[in-house]
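Below are some remarks for a colleague who is about to read through this structure, arranged as numbered points. Please keep the coordinates open while going through them.

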Amino acid sequence: MKFPVHTSPYGRLPNRVTGVMAQVLLALVPGVAAMIWYFGWGVVINIAIASATALAAEAAVLRLRHRPVKRTLMDLSALVTAALLAIALPPLLPWWLTVLGTLFAILFVKHLYGGLGYNPFNPAMAAYVLLLVSFPVDMTRWLPPEMLAKVHLTFGQALQAIFNGHLPASLTWDAVTSATPLDEMRTQLEFNKTISEIRQSPLWGDFGARGWEWVGNWFGLGGIFLAWRKVIDWRIPAAMIGGLLLVSGIFWAFDPESIPFPGFHLFSGGTILGAFFIATDPVTASTTPKGRLVYGFLIGATVFIIRTWGGYPDAVAFAVLLMNMAAPTIDYYTQPRVFGERENGDG
Amino acid sequence: MITRNPGSWDFHGGIHRPDMKAMSAGRYLGKMPLPQRLVIPLQQHIGSLAEPLVSPGDRVFKGQTLARVTEYIGAPIHAPTSGTIVEISDQPVAHPSGLSAPCIVLEADGEDRWWDELPEPLPWFEEMDAALLRERIRWAGIVGLGGAAFPTSVKVNPGPDRKIQTLVINGAECEPYITCDDYLMRTEADRIVEGIRVLMHVVAADECLIGIEDNKPEAIAAMQKAVADSDLTTTRVVTVPTRYPMGGEKQLIKVLTGKEVPSHGIPAEIGVICLNVATTAAVTDAVMAGRPLLSRLVTVTGEGVNNPGNLEVPYGVMMADVIAFTGGYSDKAYKLILGGPMMGFTLQDDQVPVTKATNCLLVASREEAPDPDHALPCIRCGKCVEACPAQLLPQQLYWYARSKDLDKCQEYHLFDCIECGCCSWVCPSHIPLVQYYRFAKTETWAKEKERQAAEEAKRRHEARVERLERLERERKARLRKKKEALEKKTAGDAADPKKAAIDAAVKRAAERKAQKQSSEEPK
């Protein structure tokens, strides 16, 4: 009898890229739901625009590169990039900026380097930084959370705002939008106010800003799910959060009135989302166990440094991109001790 | 020295997958009847090819040595039954690429008559020198029956300056589906324990640790009873957790003793020798009965056979016949895998002979061994790093193997890879990682061979040039000497007093003659 041949191991393999990406998307659901609750329909519209753009761009570039289109789209990685970028964007950002960012992420950051698995930089974060640097006004025009907002736009109104730039007749952009809490903190500190003075404002909640901190909690929940499912390595989020808390804690201890306390950093901006969903992007992160601790810690430390002394209020995107560059070097110097290798103090 | 708390250590990584052993465990299908024709490969072991001692037409008897090895690493081949040698030629063998290899074809006479020159049993082995017992093990053609087929006589010869502390007997059988070692331990624990007694004497070990995975409670109980009934005081059965690749030599040694076999090293360097249970039983036969290795237990299993189980098969029997004997293929038969699903390989054809290394014939259904998906790019998720029991960085190795950067592969410890397949198993991109490492290893060996050949050529060329130069020098030296001798001769001519005297005499004579002539001239 004759039989077909192929290489070992034999059996139904337990892991799939599609499964990994699907679980990431699933883990985003609680956080995204919270964002919709606090910031309205714009979040959904952004995700939809980014997803459609990402799929179309990926399909087009795969065709140009003579790669299998359907099979590659099925890996869902383009959707993950789109979702992560859309989540980071202000909810009423003009549609073409979302499209521009997504195209840049898929075409330039991902496919010009060879597609999935070959990109040295996190596509979503590179695109976010491109938009932030090129369109700072639009990119910093956020919405206040639900409990502080004076107006709540309906789905139709949000759609109008995003696609036409028109708000309902009675409203102005200034009435609808507000700065992000990190931006607010930064501006107030520049006015030489003390932290305790700044925190008098109704903007602030237990740790970070009201609404915002809860979005962080829900993303954190999804992140813990991913770590439990071993889709992500716990080391990166743990080290990033640890690094941020430790470094900010040291500085805060010396100057608690001009350096926000560690809990504020943890629950503000993109810290939680970044720790569980952005820094853990496997392609661009460090891959050795020790290296992941170093990589995460350095992101955490860099986030604090940029937030405190840098030119931008939030820093997760910059910190992640900087450490993307460092990842190969970190990997090189953190190779694990091989089984049976004579220990020369490198154990 | 005795290991304290054996089995209390752990190895990094590994995987859990359903062991699928229930299908064949404890089921015995009997002894495979001898077919008319046996095809006996000359290479059934790691090491040099055995050279035939017989020629076509020769009549041979069961147990007679058919082929011997002269190099240190190798194992002789014996006749599994009596009969006539038909031919010695290349025949298809169990090889991943379906290659042929030299085989002795034996036509059985059905009498199954033993050779009358078999060596005597050695029940008094304890009074014997270890070297003689090693010689017996070598004669018997015993190789590692766990599947690697490394010559046992070499393994049990650690060298005079290496003290062996622990003899590890490997009954882990961690590959899914395979149950032949399990069956042997359940039913022939005494034979294994007898082998341990012999081996303890041969390697002069302080203790023996028998490692068995906890999914084989019957085997554990049987082995414990056999050890308790014996006079072995420092032998212990250690239950180890079921986790692939627990039965890997390095992994089992680590778990049992806490010691790590050095990278690029062998267990003897840390005072350990590790042998499989079936190998140990074969040692018993060689020493206590004076019989060579002629057959082995083979597991036939998978959804592709009607009647899975274990059976005793002489080597040289066609795999197709073995499966037919067990009850044949079922409708679901899709792939024929030699060995287990993690480290085995598929065979194109079942018309190849069983050898000493054949531990399992897994006939998998389409569900059990689906065709592989297209591999996606590596997303560097690091699942392979978590799974690698050698603590390597498989994703880096893959990267460098793919780009044929063999130096970098070595830097990332390519040769510490035990090819267990854990990385390929957990890879979400379904990349056949181990294939890349095998490729890189083969390339490295080929390069090394090339380099050695080049070096040899260079050495020869240099030797030739030097030889020619030397010959030239010698020729010149000879010429010079000759010339010098000649010159010396002419110079010496002048100096020689005798010659000078003669010359002077001749001269005088000539003068006198001239004077005489002139005086005699008429005036």
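Predicted model: local features only at pLDDT ≥ 70, side-chain atom pairs only at ≥ 80, totals over all residues.

1. Totals for chains, interfaces and linings use all residues.

2. Chain B is divided into domain 1, covering 28-326, and domain 2, covering 382-523, and the centres of these two domains, taken over C-alpha atoms, are separated by 46 Å. The contact between them takes seven residues from domain 1 of chain B and seven residues from domain 2 of chain B. On the side of domain 1 of chain B that touches domain 2 of chain B, there are two nonpolar, four polar and one charged residues.

3. The contact between the two chains takes 39 residues from chain A and 57 residues from chain B. Helix α1(A) supplies the largest share of the side of chain A that touches chain B, with three residues, and that side as a whole divides into 18 nonpolar, 12 polar and nine charged residues.

4. The largest nonpolar core has 248 residues, and those with the most contacts inside it are Leu85(A), Val320(A), Met223(B), Val298(B) and Leu361(B). Helix α1 of chain A, residues 17-39, gives the most to this core, with 11 residues. Domain 1 (28-326) and domain 2 (382-523) of chain B both give residues to this core, so it lies between them. For Met223(B), leaving aside neighbours within four places in sequence, the contacts are Gly171(B), Met185(B), Ala189(B), Ile210(B), Ile212(B) and Val237(B).

5. Chain B contains an open sheet of four strands in the order β11-β10-β9-β12, with parallel pairing. Its edge strands are β11 (235-240) and β12 (272-276) of chain B, each of which pairs on one side only, and the twist averages 25° from one strand to the next.

6. Helix α5 of chain B, residues 217-229, lies across β9, β10 (207-213) and β11 of chain B, running at about 165° to β11(B).

7. Is Ile164(B) buried or exposed? This residue, found in the loop between α2 (152-155) and β9 of chain B, is buried, because 21 other C-beta atoms lie within 10 Å and the cut-off for a buried residue is 20 or more. Ile164(B) touches Pro158(B), Val203(B), Ala204(B), Ala205(B), Ala268(B), Gly271(B) and Ile273(B), not counting residues up to four places away in sequence. The C-alpha atoms of Ile164(B) and Val272(B) are separated by 5.6 Å, although the two are 108 residues apart along the chain.

8. Arg210(A), in the loop between α11 (195-198) and α12 (212-228) of chain A, is partly exposed, because 19 other C-beta atoms lie within 10 Å, a count that falls between the cut-offs of 12 or fewer for exposed and 20 or more for buried. Not counting residues up to four places away in sequence, Arg210(A) touches Pro145(A), Met147(A), Leu148(A), Leu203(A), Trp204(A) and Gly205(A). Arg210(A) and Pro181(A) are 29 residues apart in sequence and 9.1 Å apart in space, C-alpha to C-alpha.

Conventions: Residues numbered from 1 in each chain as written. Chains lettered and ligands numbered in written order. Core = buried A, V, L, I, M, F, W, Y, C linked by C-beta atoms within 7 Å. Helix = DSSP H or I, 4+ residues; strand = E, 2+ residues; numbered from the N terminus. Domains from an automatic or database assignment. Pairing = 2+ DSSP bridges. Axes fitted to C-alpha atoms, helices over the stretch in contact; angles between N-to-C directions. Nonpolar A, V, L, I, M, F, W, Y, C, P; charged D, E, K, R; others polar.
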